[in-house]
Amino acid sequence: MLEWMFVGTLGGLGAVVLMGLEALNCLLTCRGKRRTRLLYAAAGLGIVLLLWWGGDALLRLIGLSWRRWVQTAFGVAALVLGMAGAFLTVHCGAERRAGRLWHEAAVGIALLMLLEGMLPFFLAFEGRRPGAREIAILATLCAMGVAGRAAFFMLPQAKPVLALTILSGVALGGESGFLVGSVTMLTSNILFGQGPWTPWQMFGMGIVGFLAGVLARTGWLRRSRGSLCAFGAVSAIVIYGGMLNTASALMAAGELNRGVLLTYYLAGFPMDCVHGLSTAAFLWLGAEPMLEKLERLKTKYGWMNEE
């Protein structure tokens with residue numbers, strides 16, 4: 001497993017380097033709004049990284065460090081700005097290099113960057129040497145997600161996977177929520193079909209679980225059914241749906257522009273609404289008993305301390 005992680009890390013770093021070189025090329029050759037937007041994204045990413053890493057280095061000199069929620073906020077901001085920059089770079093390159101070869105190369109680079117974004121979660125999990133009980137409960141939650149997705153195969157987008165991922169993140173922490181969501185999508189696609197969409201589904205589902213854990217830990221997401229249902233519906237439509245609609249446009253269209261994206265967003269919106277409503281329904285029915293049982297396991301065995 002470590003060998004595959006090493007190969008994936010090298011591939012992801014190579015993709016980041018290639019995307020950075022292409023972004024620099026776009027900044028030098030593109031004109032108009034595309035160049036301005038890419039410049040804003042690159043400048044924003046640079047400022048966030050400077051404040052994050054430079055500020056942390058300065059604080060460590062005086063024996064302090066950023067609070068955990070501040071580091072999380074910097075990480076999320078860097079991720080959003082990095083993905084925005086990658087999208088703008090692909091958009092610019094697709095217009096300058098019309099052709100299927102460039103489109104397929106851009107899709108491949110985007111997938112590698114997506115895998116690079118997921119690696120820290122898996123490496124952090126491996127690095128802290130989880131106990132057998134922790135691995136067993138996470139594997140059980142993943143199995144429940146796979147079984148739930150398979151049981152509702154006849155209902156498009158009405159699946160309990162996102163609800164289970166959110167509950168995992170709220171009860172066990174953001175890292176566990178990301179792992180449950182991403183591994184569930186990877187495993188269940190053995191039944192539903194693997195393809196270039198799998199990393200997008202893994203990342204989209206995992207990042208919702210991660211955000212649920214972070215927001216619950218900071219107190220912004222309460223454990224009441226109403227709060228969880230609202231978060232589930234919004235995350236299904238905005239985060240997961242928005243990411244998968246963008247992926248569909250990137251994989252299927254020969255070029256990326258406002259018209260193509262708007263077409264895919266509008267075409268996917270009804271299914272995103274079904275996903276959001278079904279997630280809210282599953283959370284309304286299962287949030288309280290699931291959270292109660294997971295908390296009992298944490299108390300009984302004394303594992304999965306707060307991250």
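Student: Before that, what kind of model is it, and what gets counted?
Tutor: This is a predicted model, where local features need pLDDT of at least 70, side-chain atom pairs count only at pLDDT 80 or more, and totals for chains, interfaces and linings use all residues. Residues are numbered from 1 along each chain as its sequence is written, and side-chain values use heavy atoms, with hydrogens and water left out.

Student: OK, how many helices and strands are in the protein chain?
Tutor: The protein chain has 10 helices and 0 strands. Both are DSSP runs numbered from the N terminus, helices being H or I with at least four residues and strands E with at least two.

Student: What share of the residues is buried?
Tutor: Buried residues account for 45% of the 307 in the protein chain. Buried means under 20% relative accessible area, exposed means over 50%, and partly exposed is in between, with a 1.4 Å probe and protein chains only.

Student: And how many of the contacts join residues at least 24 apart?
Tutor: Taking contacts between residues at least 6 apart in sequence, 77% join residues at least 24 apart. A contact here is heavy atoms within 4.5 Å.

Student: Switching to packing. At what angle do α8 and α9 cross?
Tutor: Helix α8 (residues 198–218) crosses α9 at roughly 155°, and the axes come within 10 Å. That makes α8 roughly antiparallel to α9. The axes are lines fitted to C-alpha atoms, for helices over the stretch in contact, and angles run from 0 to 180 degrees between N-to-C directions. Under 35 degrees counts as roughly parallel, over 145 as roughly antiparallel, 65 to 115 as roughly perpendicular, and the rest as oblique.

Student: Which residues meet there?
Tutor: On the α8 side they include W200, F203, M205 and L211, and on the α9 side F231, Y240 and M243 are among them. By class, the α8 contact with α9 has 15 nonpolar, 3 polar and no charged residues. Nonpolar covers Ala, Val, Leu, Ile, Met, Phe, Trp, Tyr, Cys and Pro; charged covers Asp, Glu, Lys and Arg; the others, Gly among them, are polar.

Student: What about α6 and α9, what's the angle there?
Tutor: Helix α6 (residues 161–172) packs against α9 (residues 225–252) at about 125°, with the axes 10 Å apart. That makes α6 oblique to α9. The contact uses L162, I166, L167 and V170 from α6, plus L228, F231, G232, S235 and A236 from α9. Those residues divide into 7 nonpolar, 2 polar and no charged.

Student: How many disulfides, then?
Tutor: The count is 0 disulfides, going by cysteine sulfur atoms within 2.5 Å.

Student: Last one, where is Q157?
Tutor: Q157 is in the loop between α5 (132–151) and α6. Its phi is near 70°, a positive value in a residue other than glycine. Q157 counts as partly exposed, at 29% relative accessibility.
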